[in-house]
Amino acid sequence: MTIQFNTDKTISGSEKNQNYFTAMIAEALTNYEDHITRVEVHLADENGNKEGVHDVRCLLEARIEGKQPIAVSCQDNTVELAVSGAIDKLSASLDTIFGRLQNH
């Protein structure tokens with residue numbers, strides 16, 4: 001499973017941040033790593049440098065073998081909260097998808 005990061009110009013895409021978030025995502029998706037080929041992470045600050053509530057957006061797109069890719073997003077006050085929320089949503093979606101496949 002490859003994890004690819006994309007950030008806008010207002011969010012730091014440093015190697016330290018990428019390693020931290022890669023570890024978070026990989027740990028959360030360990031149950032599905034055999035079925036996911038790639039996860040794309042898109043981080044953006046919706047308001048640019050201006051202050052705002054829930055202005056950081058994290059979009060996670062998971063490419064699943066033999067299936068259409070799925071995407072989830074979460075907006076929150078910090079990058080950490082936005083990524084964590086998106087990971088929770090992606091995990092729930094994958095639970096649903098693979099739960100249905102096991103039932104049929």
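Some ground rules to begin with. Because the model is predicted, local features need pLDDT of at least 70 and side-chain atom pairs count only at pLDDT 80 or more, while totals for chains, interfaces and linings use all residues. Residues are numbered from 1 along each chain as its sequence is written, and side-chain values use heavy atoms, with hydrogens and water left out.

I start with the sheet. Four strands make an open sheet in the order E1-E2-E3-E4, with mixed pairing. Strands (E, at least two residues) and helices (H or I, at least four) are DSSP runs, numbered from the N terminus. Two strands pair if DSSP finds at least two bridges between them. E1 and E4 stand at the edges with a single partner strand each, so one side of each has no neighbour in the sheet. On average, neighbouring strands are turned by 15 degrees against each other, direction ignored. Axes here are lines fitted to C-alpha atoms, for helices over the stretch in contact, and angles run from 0 to 180 degrees between N-to-C directions.

Now strand by strand. E1 and E2 run parallel and are joined by six bridges. Thr 2 stands opposite Arg 38 in E2, and Asn 6 stands opposite His 42 in E2. Seven of the 10 residues of E2 are buried, so E2 is largely enclosed by the rest of the structure. Buried means under 20% relative accessible area, exposed means over 50%, and partly exposed is in between, with a 1.4 Å probe and protein chains only.

Asp 45 also lies in E2. Is Asp 45 buried or exposed? Asp 45 is buried, at a relative accessible area of 16%. Leaving aside neighbours within four places in sequence, Asp 45 is in contact (heavy atoms within 4.5 Å) with Asp 8, Thr 10, Ile 11, Asp 55 and Val 56.

Val 56 takes us to the other end of the sheet. E3 and E4 pair in the antiparallel sense over seven bridges, and the bridge partner of Val 56 in E4 is Asp 76. The hairpin of E3 and E4 has five residues between the strands, and Gly 66 takes a positive phi near 75 degrees there. E4 has two faces: Ile 70, Val 72, Cys 74 and Asp 76 are on the covered one, and Ala 71, Ser 73 and Gln 75 on the uncovered one.

H1 lies across E1, E2 and E3, and runs at about 135 degrees to E1. The largest nonpolar core has 27 residues, and Val 41, Leu 60 and Leu 94 touch the most other members. Such a core is a set of buried Ala, Val, Leu, Ile, Met, Phe, Trp, Tyr and Cys residues joined through side-chain atoms within 4.5 Å. Which element gives the largest share of this core? H2 does, with eight residues. Not counting residues up to four places away in sequence, Leu 94 touches Leu 29, Tyr 32, Ile 36, Ile 64, Ile 70 and Gly 99.

On to the aromatics. The whole structure has two aromatic pairs. Rings of Phe, Tyr and Trp (its six-membered ring) pair if their centres lie within 6.5 Å; planes under 30 degrees apart count as stacked, over 60 as edge-to-face and the rest as tilted. Tyr 20 and Phe 21 are edge-to-face, at 5.1 Å centre to centre and 65 degrees between the planes. Tyr 20 is partly exposed at 45%, whereas Phe 21 is buried at 3%. The other pair is Tyr 32 and Phe 98, with centres 5.3 Å apart and planes at 15 degrees, so this pair is stacked. Tyr 32 is in the loop between H1 and E2 and Phe 98 is in helix H2, so the pair ties together parts 66 residues apart in sequence. Tyr 32 and Phe 98 are both buried.

Last, the cysteines. How many disulfides does a search of the whole structure find? The search finds zero, where a disulfide is a pair of cysteine sulfur atoms within 2.5 Å. For Cys 58, the nearest cysteine sulfur is that of Cys 74, 7.5 Å away. Cys 58 is buried at 0% relative accessibility, and Cys 74 is buried at 11%.
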